[in-house]
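Reader: I am new to this structure and would like to learn how to read its features one by one. Could you show it to me and then go through them with care?

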Amino acid sequence: MESAVTARAAESIELAALLERCGRSDQEAFAELYDRTCARVFGLVLRVLHDPGYAEETTQEVYLQIWRTASSFDAAKGSAVTWLMTLAHRRAVDRVRTEQAHTLREVAYGIRVLGNEFDEVTEEVERRFEQQAVQQGLGTLTQTQREAISLAYYGGRTYAEVADFLGVGLPTVKSRIRDGLTRLKKSLGVT
């Protein structure tokens, strides 16, 4: 156990020295740093991205960033491995976000470009069926429940305004609407 800790400490010192040399554009130091750390960096990136192709590209981007920013590494703030893995994790998360944004843009574009008329017709048919179902569901309510719900949801009134309009107490209106909505949900098959 002690030898593992000693080995890790020695590796950390060696990697920090390699990063310092990379910061001075030492290509041999960069090659050695890459050889000693690429499996760990690639493994982390692959765990985030779940795609070997994207992971390879992202790992390449990480090492390009390391080459460009090695001079900003500060051993006083953390170990070289921590710095490398932080860069790798951030780059992988950025890649996930980029891919998600790209997918959302493609979907939005497809919706705009593809048969809007069909979508509009389908939506109108669905809206009418829903409207019909709600009308039938409202028919299952008591008159007082239907009246309170209609004033609140179709009339755009607050519960207090409904209570004033009907001349009943606010708790009574709340109970009528709650009970009516519960009954309406059941008649519509909503759980």
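Reader: What sits over the ring of Phe-165?

Author: A charge counts as sitting over a ring if NZ of Lys or CZ of Arg is within 6 Å of the ring centre and within 35 degrees of the ring normal. In this model, which is predicted, the charged end of Arg-157 takes that place over Phe-165, at 4.3 Å from the centre of the ring.

Reader: How many aromatic pairs does a search of the whole structure find?

Author: A pair of aromatic rings is described by the distance of the centres and the angle of the planes. Rings of Phe, Tyr and Trp (for Trp, the six-membered ring) pair if their centres lie within 6.5 Å, and planes under 30 degrees apart count as stacked, over 60 as edge-to-face and the rest as tilted. The search of the whole structure gives 4 aromatic pairs. One of them joins Phe-30 and Trp-67, edge-to-face, with 5.2 Å from centre to centre and 70° between the planes. Phe-30 belongs to helix H2 (residues 27-49) and Trp-67 to helix H3 (residues 52-69), so this pair ties together parts that are 37 residues apart in sequence. Helices here are DSSP runs (H or I, at least four residues; strands are E, at least two), numbered from the N terminus.

Reader: Which aromatic cluster do Phe-30 and Trp-67 belong to?

Author: Phe-30, Tyr-34, Tyr-63 and Trp-67 form one aromatic cluster. As for Trp-67, a relative accessible area of 27% makes this residue partly exposed, where buried means under 20%, exposed over 50% and partly exposed in between (1.4 Å probe, protein chains only). The ring centres of Tyr-34 and Tyr-63 are 4.8 Å apart and their planes stand at 70°, so that pair is edge-to-face. Tyr-34 lies in helix H2 and Tyr-63 in helix H3, and the pair therefore ties together parts that are 29 residues apart in sequence.

Reader: Is Tyr-63 buried or exposed?

Author: Tyr-63 is buried, at 3% relative accessibility, whereas Tyr-34 is partly exposed at 36%.

Reader: What is Gln-145 in contact with?

Author: Contact means heavy atoms within 4.5 Å. Leaving aside neighbours within four places in sequence, Gln-145 is in contact with Arg-176, Asp-179, Gly-180 and Arg-183, and its relative accessible area is 10%.

Reader: How many helices and strands are there in the chain?

Author: The chain has 8 helices and 0 strands, and buried residues make up 23% of its 191 residues.

Key: Residues are numbered from 1 along each chain as its sequence is written. This is a predicted model: local features need pLDDT of at least 70, side-chain atom pairs count only at pLDDT 80 or more; totals for chains, interfaces and linings use all residues. Side-chain values use heavy atoms; hydrogens and water are left out.
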